[in-house]
Protein chains: 2
Amino acid sequence: MKLITVGTVAFDRIETPFGKADKVVGGAATYISLAASFFTDGLGLVSVIGEDFPEDMLEMMRERGIDLNGLEVLPGRESFFWAGRYHYDMNTRDTLETRLNVLSDLDPRLPEPYAQATYLMLGNLDPVVQAKVLEQMKERPALVVMDTMNFWMDSALDKLKEVIASVDILAINDAEARQLSGEHSLVRAADKILTMGPKYLVVKKGEHGALLFGQGRVFFAPALPLEDIVDPTGAGDTFAGGFVGYLAHTQDHSFENLKRAIIVGSALASFCCERFGVQRLLEIGREDIDQRIQQFVDLVDFDIQLVGS
Amino acid sequence: MKLITVGTVAFDRIETPFGKADKVVGGAATYISLAASFFTDGLGLVSVIGEDFPEDMLEMMRERGIDLNGLEVLPGRESFFWAGRYHYDMNTRDTLETRLNVLSDLDPRLPEPYAQATYLMLGNLDPVVQAKVLEQMKERPALVVMDTMNFWMDSALDKLKEVIASVDILAINDAEARQLSGEHSLVRAADKILTMGPKYLVVKKGEHGALLFGQGRVFFAPALPLEDIVDPTGAGDTFAGGFVGYLAHTQDHSFENLKRAIIVGSALASFCCERFGVQRLLEIGREDIDQRIQQFVDLVDFDIQLVGS
């Protein structure tokens, strides 16, 4: 197994100023795995769902090379459900409803091949669960990437810091980086977070792009300016999936290659926002991704002679 | 005369979460002219001040090659004064006090050499005043760049649109672009604004960088992630000054060169934020600017092979 992902597999109800989606498939591990599947095989997914989860969606994931032996199905139970509303500023959202359902029983036990994976993606989840997955790995993976959110900073900071201390790359949004560090400046926030354990910090800024900090260097990737953002749900997870999937494929953890992985993740995330749920990710192919990456190249490309002194 | 700028020359009182400045020299035309002076000579400034304006600041501007024959001094009167407060999110601010003072009497009459300038920068001002300057030009300048703000959209939209229709490049912030176009998406906003007359639109997004739209193309320049933003006042004007100063120097209005001008403007703006008022602009030299531009090159540089289909 090359890359395993632990995270939610869920239903979402989404409202935006431009439309509604009543009950679409979502969840961090869903977005991450689908995005990663464009770049690498040997994917495994660790999560829990209820009996209500649509079989055709599971079949579609299997077809994309995502192994589901790590996905527990609890009979007679319902899958995790989240409902949220976005406003014109798509960078913030209100949670309208959260039904944990099966998620409260997530107690991952890794199948044997999963425990030997080279890459591990810890999607946003209770840090206790993230730690349990990490502990079950036979050998330390070549690279562990982690996401989390403000909820765990408020409710489980000590455990969260313990997990953060043992990962290679933390990928969180700007508000979370500020909260975790207590610093408003993202440069200072990064300095502080990089003393907590991770070698690299990725700061996801939604429509304002993403920053990569580490080794005393910084890299910035813009988000693609889109005519319409239909639904940003899952964009951060899609970014993470493209990022870690590209790294698992290239097996190169240099700063130069992390930059490429950030661009790949940004390209995938831009697709994600074009439809509700995972729909757009199911429509695109490698050629679409290449075209989109070329748009990123063009977007920031400039060639300047220094003005000279 | 190569480049003339019309705009305010003023005093500012500034409060930020990190400090205060009681009465520092500011104003759009001050920042624009100082920033442009790093790149081009033949600068002229059109504005009005009171007797209270410090002579040493005027002398310093003359030393930097800024001609002040277009700067009227009204005896016994006070200069324009603005007081504002920033919060942690430096992208928004509250105006605490505005005293127009001499500004209500600004009725620009261009000295002969000014009326023949090749480049014209219309800083944020009453569009009636901007139009008066434009009308006095003997020949249509090679390039007219214009800034404005929400206040004029609320109070003088028809006149404002008249001026916008006659400029080459409109440079405004993201909230202003949204208000002017009635579109939330910046891509749609740009499409709409480019039908109003300008060939190019620059959208200034503060700490989130800047976008250039035109000729069916788009370019994005990040803002440099800074450890501390001491005072963002004037950063937008400094950006515009670096931008138009670089264009006046290079006399190349191609999309490729506009991109370079955006990077130059962004570099200058990043310095502006490091001290209160214009102070940092008075400390730096061309070598500092070159170093900063190199940081921008490094910040967004990546080299990617398309993943292939």
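Between which two helices of chain A does the loop that holds Q251(A) lie? The close-up views below come from a predicted model, in which local features need pLDDT of at least 70, side-chain atom pairs count only at pLDDT 80 or more, and totals for chains, interfaces and linings use all residues. Residues are numbered from 1 along each chain as its sequence is written, while chains are lettered from A in the order in which they are written.

**View 1. The loop of Q251(A).** Q251(A) lies in the loop between α8 (235–250) and α9 (255–272) of chain A, where helices are DSSP runs of H or I with at least four residues, and strands are runs of E with at least two, numbered from the N terminus. Its phi is near 50 degrees, a positive value in a residue other than glycine. Q251(A) counts as partly exposed because it has 13 C-beta neighbours inside 10 Å (buried means 20 or more other C-beta atoms within 10 Å, exposed 12 or fewer, partly exposed in between, with C-beta atoms placed from the backbone).

**View 2. The loop of Q215(B).** In chain B, Q215(B) sits in the loop between β13 (210–214) and β14 (217–221). Although Q215(B) is not a glycine, its phi is positive, about 55 degrees, and with 12 other C-beta atoms within 10 Å the residue is exposed.

**View 3. The axis relating the chains.** A rotation of 180 degrees with 0.0 Å of shift along its axis superposes chain A on chain B, with an RMSD of 0.0 Å (least squares on the C-alpha atoms of residues with pLDDT of at least 70 in both). That is the relation of a two-fold axis. In chain A, the C-alpha of H208(A) is nearest the axis, 3.0 Å from it.
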